[in-house]
Amino acid sequence: YDAQWYLKIADSGYPPHPKIISMKDKKILDGLTYVFFPAYPIVISFINLPLKNVELSAFIVTNILLVINFFSLYFVLSKFYKTSIVLKTIFLIFLFPLSIFLRSYFTEELFLLGLVWFAYFLIKGRWLTTALILGCLACTRPTGLFLLPIFFFILTKRLVKKDIAFIKYLILLLIAILPFALWMFYCYIQTGNAFYFYYARSAWFSNLFPLFHNLKLLYFFPNLPVHG
């Protein structure tokens with residue numbers, strides 16, 4: 001499924017000037033590739049530079065991230081909870097059936113790593129580090145964009161309380177937004193549409209509100225085919 005797209009991007013990048021957005025012919029990836037954000041394929045591509053084997057590179061990245069995530073969760077959670085609770089939490093996360101996504105070639109593991117440290121540095125008030133991580137999260141998967149207003153809200157409160165200077169406030173917001181802005185600029189250069197990553201989603205979602213579409217599917221669940 002999605003892992004194949006990330007492997008393709010890591011191996012050969014995004015196709016320039018795409019013209020076809022269709023799920024009917026799987027041999028023509030073209031515009032569909034832009035639905036998948038660049039941070040995770042970039043990490044794989046760096047490992048792949050010396051190895052020249054994208055599947056092996058993705059396997060190595062996945063296992064390295066597993067180890068780093070384990071110790072990151074332990075370090076961060078142990079600052080707030082007892083060791084016994086921390087260990088139970090971590091093992092529940094990694095042994096839960098849906099943790100298969102953390103052992104596959106998907107963005108969830110990279111996103112989890114960023115999310116853990118984003119929350120930690122946000123609580124600690126390490127604004128520059130938080131902004132840098134947030135910028136990476138916004139380019140890892142679309143859900144990272146929902147963290148931007150949270151950061152903006154907390155940072156604005158600090159500005160009102162005069163805990164940070166206005167110039168620093170603007171610089172931090174710029175740092176947090178810049179990676180995603182560069183991704184949009186890249187989409188524009190490649191396709192002529194800065195929002196092409198969203199436009200291409202039409203091949204998967206026929207409406208603007210996937211949430212309501214999913215709720216409708218729950219209602220029609222008895223009539224869905226087995227694979228649905």
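Reader: Hi! Looking at Y14 here, is it buried or exposed?
Author: Hello! This is a predicted model, and in it Y14 counts as buried because its relative accessibility is 9%, which falls under the 20% cut-off.

Reader: Thanks! Which ring does Y14 form an aromatic pair with?
Author: That would be W183. The two rings sit 5.2 Å apart, centre to centre, with 50° between their planes, so the pair is tilted. The structure holds 27 aromatic pairs, and Y14 with W183 is one of them.

Reader: Where are Y14 and W183 in the chain?
Author: Y14 is in the loop between α1 (2-12) and α2 (39-51), while W183 belongs to helix α8. They are 169 residues apart, so this pair links distant parts of the chain. W183 is buried too, with a relative accessible area of 4%.

Reader: Nice. What about F180 and F197, how are their rings arranged?
Author: Their centres are 5.6 Å apart and the planes meet at 75°, so the pair is edge-to-face. F180 is in helix α8 and F197 in helix α9 (residues 196-199), 17 residues apart. Both F180 and F197 are buried.

Reader: And which residues do ring pairs link into a cluster?
Author: The cluster consists of Y14, Y34, F37, F180, W183, Y186, F195, Y196, F197 and Y199.

Reader: Changing topic a bit: where does Q190 lie, and is it buried or exposed?
Author: Q190 lies in helix α8, which covers residues 166-191. With 13% relative accessibility, Q190 counts as buried.

Reader: What does the side chain of Q190 reach?
Author: It reaches the backbone oxygen of Y14, at 3.2 Å. Setting aside neighbours within four places in sequence, Q190 is in contact with Y14, P15, P16, H17, P18 and Y34. Y14 and Y34 from that list also belong to the ring cluster.

Reader: Last topic, the helices. How do the axes of α7 and α8 cross?
Author: The axes of helix α7 (residues 147-160) and α8 come within 11 Å and cross at roughly 175°. That angle is over 145 degrees, so α7 is roughly antiparallel to α8.

Reader: Which residues make that contact?
Author: From α7 they are L148, F151, F152, L155, T156 and L159. From α8 they are F166, Y169, L172, L173, A176 and I177.

Reader: How many of those are nonpolar, polar or charged?
Author: The contact of α7 with α8 has eleven nonpolar residues, one polar and no charged.

Technical notes. Residues are numbered from 1 along each chain as its sequence is written. This is a predicted model: local features need pLDDT of at least 70, side-chain atom pairs count only at pLDDT 80 or more; totals for chains, interfaces and linings use all residues. Side-chain values use heavy atoms; hydrogens and water are left out. Helices (H or I, at least four residues) and strands (E, at least two) are DSSP runs, numbered from the N terminus. Buried means under 20% relative accessible area, exposed over 50%, partly exposed in between (1.4 Å probe, protein chains only). A polar contact is a pair of N or O atoms within 3.5 Å; within protein, one must be able to donate a hydrogen and the other to accept it, and residues adjacent in sequence count only if both atoms are side-chain atoms. Contact means heavy atoms within 4.5 Å. Rings of Phe, Tyr and Trp (its six-membered ring) pair if their centres lie within 6.5 Å; planes under 30 degrees apart count as stacked, over 60 as edge-to-face and the rest as tilted. Axes are lines fitted to C-alpha atoms, for helices over the stretch in contact, and angles run from 0 to 180 degrees between N-to-C directions. Angles under 35 degrees count as roughly parallel, over 145 as roughly antiparallel, 65 to 115 as roughly perpendicular and the rest as oblique. Ala, Val, Leu, Ile, Met, Phe, Trp, Tyr, Cys and Pro count as nonpolar, Asp, Glu, Lys and Arg as charged, and the others, Gly among them, as polar.
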